[in-house]
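Hi,

Here is the structure I promised to pass on. Have a look at it first, and then read my notes on its pockets and cavities below.

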Amino acid sequence: KKYNIIMAKGTNKEVKKFEFSKVGSILDNIAKSTPILIEKEVKSRNYISTGVYLLDAALSAKLLGGGILGGRIFGLLGESGAGKSFIAYSICKSAQKDGYSIIYIDTENSIDLEGVAKMGIDNSPEKLRLIRSNKVEDINITLTQLLDELKNAKLEGMEIPKLLIVLDSIGMMSSNKEKGDLLKGDIKQDMTRAKQLNAMFRSISSDLGYLDIPMVCCNHTYLTQDLFPKEVSKGGTGLVYSASVLGFLSKSKLKTGEEDDMDLGQSGITVLFKTQKNRLAKPKKIRFDISFVNGMNPYTGLDAFCRPEFFDQIGIAQGKMEVDKKTGEMKFTPGGNRWYVSHLDKYVTTKSLFNSQVFTMDVLQKMEPIVNNYFKFNSLNEIEEIEKKFNDIIDSDEEDVDMSAEDVDADDLFK
């Protein structure tokens with residue numbers, strides 16, 4: 001063993017210096033018997049697609065190969081019918097294509113194995129386990145014990161299967177106290193549920209990272225009765241602090257012009273997705289469509305980047321090709337409602353824009369650097385500024401008198 005020899009101050013005694021490399025060796029030995037993860041090199045990140053290219057980019061700053069990141073918690077928050085569960089189903093479908101098995105915890109009794117199959121998800125026992133429970137204590141015990149077993153197996157050198165956990169939803173979870181009060185005929189406000197939820201996320205978040213297991217958590221929001229109503233999400237601050245990404249969803253009617261009297265004036269929903277907290281990409285607002293008939297179109301929203309200034313690179317924009325009278329050459333002139341698609345050499349309407357013939361892989365690869373640059377952080381200062389805003393909002397909420405830490409205001413986060 002090599003030691004650096006230094007002289008102690010005021011004496012002639014030689015002192016051996018304990019090198020940091022030896023500290024690393026000690027930690028490596030500890031990691032052999034303790035479930036801690038020591039990263040020594042930059043690893044390639046594993047993402048699971050949401051099924052929508054623009055949503056993948058908004059979550060990870062990666063138009064191609066992006067989505068939700070392994071080992072992290074992703075929160076989907078929004079009003080009823082805003083597409084939270086539908087996005088979760090789409091993530092499950094993409095995950096199974098990448099070799100993942102799914103643990104789906106349904107607290108709302110809203111889906112069954114037959115319904116899961118209709119969403120394109122393999123419901124065989126080897127690929128999916130559907131769990132029904134709405135007790136926060138029971139779910140906490142289940143996940144904690146499951147992850148602990150997986151950690152022990154990993155320590156023994158076993159290869160852990162690729163897993164994705166979905167919790168749908170947090171808002172419908174009850175507690176033992178709430179049920180106990182009801183059984184006794186008492187109607188009381190439950191002040192323990194938020195604490196139990198916080199405890200659950202504290203218990204599992206680190207283990208999810210150690211095992212590289214992503215988790216999707218859905219939660220519905222509601223409007224307060226204030227003079228100026230605010231959208232708030234139930235469930236405490238456990239998800240807020242643990243999640244790498246928090247996305248708030250709102251909806252409007254999707255109209256294609258083909259609706260009949262039985263369609264109630266819409267053929268789907270247009271989703272406004274706002275990443276209120278994101279450590280992987282700049283928090284931005286995006287829009288995409290979910291059709292009642294065809295589901296999520298992976299190409300919706302990409303028209304936001306098909307702008308005249310990017311036409312030379314992407315080859316798609318609203319306008320027309322015409323002869324330049326001075327040079328006699330064809331040139332692109334912006335304007336109008338129709339889209340010119342250069343690789344097809346034809347014009348299409350907005351209705352006919354979002355398909356694989358228009359947005360070919362070649363086109364997507366040309367769009368990639370433009371879209372990625374739009375969402376990515378350019379400096380550490382940008383990340384620190386956003387983190388500070390987030391922490392300031394949460395800290396101010398926790399200082400409120402009688403604050404149970406159960407309501408988180410969507411509008412307060414990253415204004």
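Which residues lie nearest the centre of the largest pocket? Bear in mind that this is a predicted model. The ones to click on are Leu37, Glu39, Lys43, Gly209 and Asp212, out of 24 residues that line this pocket. The space in there comes to about 680 Å³. Helix 7 (residues 193-211) gives the largest share of the lining, with 4 residues.

Next, the second largest pocket, with a volume of about 590 Å³. It has 21 lining residues, and Leu254, Thr256, Ser291, Asn294 and Lys351 are the closest to its centre. At least two lining residues come from strand 13 (285-291), and at least two from strand 14 (295-296). By class, this lining splits into 10 polar, 6 charged and 5 nonpolar residues.

Now for the cavities. How many are there of 30 Å³ or more? The count is 3. I took a look at the second largest cavity, which has a volume of about 60 Å³. Its lining is made up of Leu59, Gly67, Ile68, Leu69, Arg72, Ile73, Phe74, Ser244, Val245 and Leu280. Strand 4 (68-69) and strand 5 (73-78) are the elements that give two or more residues to that lining. Sorted by class, the residues around the second largest cavity are 7 nonpolar, 2 polar and 1 charged.

Cheers

Definitions and conventions:
Residues numbered from 1 in each chain as written. Predicted model: local features only at pLDDT ≥ 70, side-chain atom pairs only at ≥ 80, totals over all residues. Heavy atoms only, no water. 1 Å grid on protein atoms, 1.4 Å probe; cavity = no way out; pocket = protein on both sides within 12 Å on 5 of 7 lines; lining within 4 Å. Points joined across faces, edges and corners; volume = space filled by probe spheres on them. Nonpolar A, V, L, I, M, F, W, Y, C, P; charged D, E, K, R; others polar.
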